[in-house]
Amino acid sequence: MNPLLTTLDFSDNWLPIKLSQILRVSSGKSLKRTQLTEDGNVPVYGAHGIMGSYSEGFIEKGTLLIGRVGFYAGSIMRTKEFSWVTDNSLIVSSSSVVNSNFLELSLKHLNLGSLTSQTAQPVISGQKIYSQIIFLPPVNEQTKIVDSYNELISKVNTIEKEQEQLKQLATQLKQKVLDVAMQGKLVPQDPNDEPASVLLEKIRAEKQRLYEEGKIKKKDLVETELVKDGDNAYYQNLPKGWGKTLFGNIVYLLSGRDLSVAKYSDSVQKGIPYITGASNFCDGIITTSRFTEFPTVISEKKDILITVKGTVGELAVNPYYKAHIARQIMAIRPYLVNNEFLKIYLETKIDNMKLQSQSMIPGISREVLLKLLIALPPKTEQLRITNLIKKLFQEFEEIT
């Protein structure tokens with residue numbers, strides 16, 4: 001008797017059926033990679049989808065395939081048009097008692113990848129597939145299940161698409177809020193606020209005090225003068241009480257330095273945290289499992305940390321009392337300026353700073369940071385701006 005059954009008389013009950021009773025698998029045909037072409041009109045399927053094209057084919061559109069070898073052994077595919085299937089895949093033929101789409105769902109549910117041989121090159125055999133059991137309802141019920149599944153998947157896809165659109169809208173709104181804030185249009189001005197010109201004088205006095213205490217160097221007292229350029233026009237019509245200056249005049253900038261493997265630990269929490277790069281940044285929060293007893297470049301709590309090499313532009317406020325920073329990071333320590341306000345300002349400038357990199361490797365240099373032009377509001381307005389932005393961003397997050 002042919003084990004590939006063509007008719008079965010089902011009741012309303014679901015029956016346990018071995019796959020050997022309702023399907024057969026056969027290997028595809030060998031095809032060397034050198035035979036693949038870019039201009040062929042027939043897609044070639046390997047163990048995980050289309051791997052190229054060829055001038056000939058032998059498998060009809062809509063045929064079920066099972067990845068046979070490698071990392072994707074056991075993966076389920078379906079040809080989208082007349083195709084060539086290599087011997088890295090198994091070709092599935094099935095009985096008329098099973099809806100092809102229901103069979104596809106059942107095979108995916110079985111997780112056939114768990115049946116591969118435990119060798120350097122995972123392989124799945126027809127015998128292991130045949131021994132698997134599924135529960136088979138009547139054909140008409142299979143069709144209903146497939147239709148319901150497709151309807152639900154369509155709804156899920158619609159929801160995911162709408163969520164993605166909401167995220168994009170939230171991102172656009174955030175950028176708009178930041179841009180408006182940096183032009184002094186987000187919160188009303190208070191005529192009683194101490195103007196930014198006074199704040200800048202206080203910053204000069206603070207830097208002088210730190211110099212006299214030996215905490216900064218004489219070169220840090222030197223102020224860089226404003227140079228008119230294209231970006232300067234952006235700051236021509238600032239609100240009353242605001243001022244403009246260069247970033248380097250209001251912050252102390254600390255460049256990180258890498259430690260040798262012998263000078264830090266991934267398991268022993270001795271010394272201070274060691275922050276190495278973008279992997280330590282997650283949605284504005286810093287975490288690390290590395291510690292060092294040999295720090296040389298120490299960032300202090302509330303410093304703004306920015307990744308300046310590799311993955312560029314990640315920003316966060318240092319939560320640790322002290323932490324060593326690697327060369328992929330710079331620490332920004334404001335003089336009397338609200339650090340959250342400065343972090344928001346930097347968020348509006350990241351893309352522009354990336355474009356100014358003179359290297360083939362993505363990065364932000366000290367010079368680019370120090371020469372950023374900033375519109376500086378009074379200190380009390382800085383706080384009002386940051387509080388409102390945090391409130392708005394929280395609302396955006398709740399929407400998405």
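Packing, burial and contacts

Me: What do the buried residues of helix 1 pack against?
Reply: In this predicted model, they pack against strand 2 (23-27), strand 5 (64-67), strand 6 (76-78), strand 8, strand 9 (133-136) and helix 3 (139-182). The residues concerned, within helix 1 (residues 100-110), are F102, L103, E104, S106, L107 and L110.

Me: Why is W14 called partly exposed?
Reply: The relative accessible area of W14 is 36%. Buried needs under 20% and exposed needs over 50%, so W14 falls in between. W14 sits in the segment before strand 1 (15-18).

Me: What makes W14 and E141 a polar contact?
Reply: Their side chains make this contact at 3.0 Å, and the cut-off is 3.5 Å. Along the chain W14 and E141 are 127 residues apart, with their C-alpha atoms separated by 9.7 Å. Leaving out residues up to four places away in sequence, W14 touches F102, F135, L136, P137, E141 and I145.

Me: Why is T86 called buried?
Reply: Its relative accessible area is 2%, and buried means under 20%, so T86 qualifies. T86 is placed in the loop between strand 7 (84-85) and strand 8 (89-94). Beyond its neighbours within four places in sequence, T86 contacts G28, K29, L31, V44, Y45, G46 and M51.

Me: How do you know that K29 lies over the face of F58?
Reply: K29 is at 4.5 Å from the ring centre of F58, and the distance limit is 6 Å. R24 lies over the face of Y130 at 4.8 Å from the ring centre, which is also within 6 Å. F58 belongs to an aromatic cluster with Y54 and W84. The whole structure has 7 aromatic pairs.

Me: How do you know that the span of helix 7 agrees with what it should be?
Reply: Helix 7 (residues 379-399) has 21 residues and, at 1.5 Å a residue, should span 30 Å. Its end C-alpha atoms are 31 Å apart, which agrees.

Me: Which residues of helix 7 are buried, and how do you know where they fall around its axis?
Reply: The buried residues are E381, Q382, I385, T386, I389, L392, F393 and F396. Viewed down the axis of helix 7, they fall within an arc of 140°, so they line one face of the helix. An α-helix has 3.6 residues a turn, so residues three or four places apart point the same way.

Me: Why is L336 called partly exposed?
Reply: The relative accessible area of L336 is 31%, which lies between the limits of 20% and 50%. L336 is not a glycine either, yet has a positive phi of about 65°. The loop that holds L336 runs between strand 20 (329-334) and helix 5 (339-355).

Notes. Residues numbered from 1 in each chain as written. Predicted model: local features only at pLDDT ≥ 70, side-chain atom pairs only at ≥ 80, totals over all residues. Heavy atoms only, no water. Helix = DSSP H or I, 4+ residues; strand = E, 2+ residues; numbered from the N terminus. Buried < 20%, exposed > 50% of the residue type's maximum accessible area, 1.4 Å probe, protein only. Contact = heavy atoms within 4.5 Å. Polar contact = N/O pair within 3.5 Å; in protein donor to acceptor, adjacent residues only side chain to side chain. Phe/Tyr/Trp six-rings, centres within 6.5 Å; stacked < 30°, edge-to-face > 60°. Lys NZ or Arg CZ within 6 Å of the ring centre and 35° of its normal. Expected span 1.5 Å × (residues − 1). Arc of directions from axis to C-beta.
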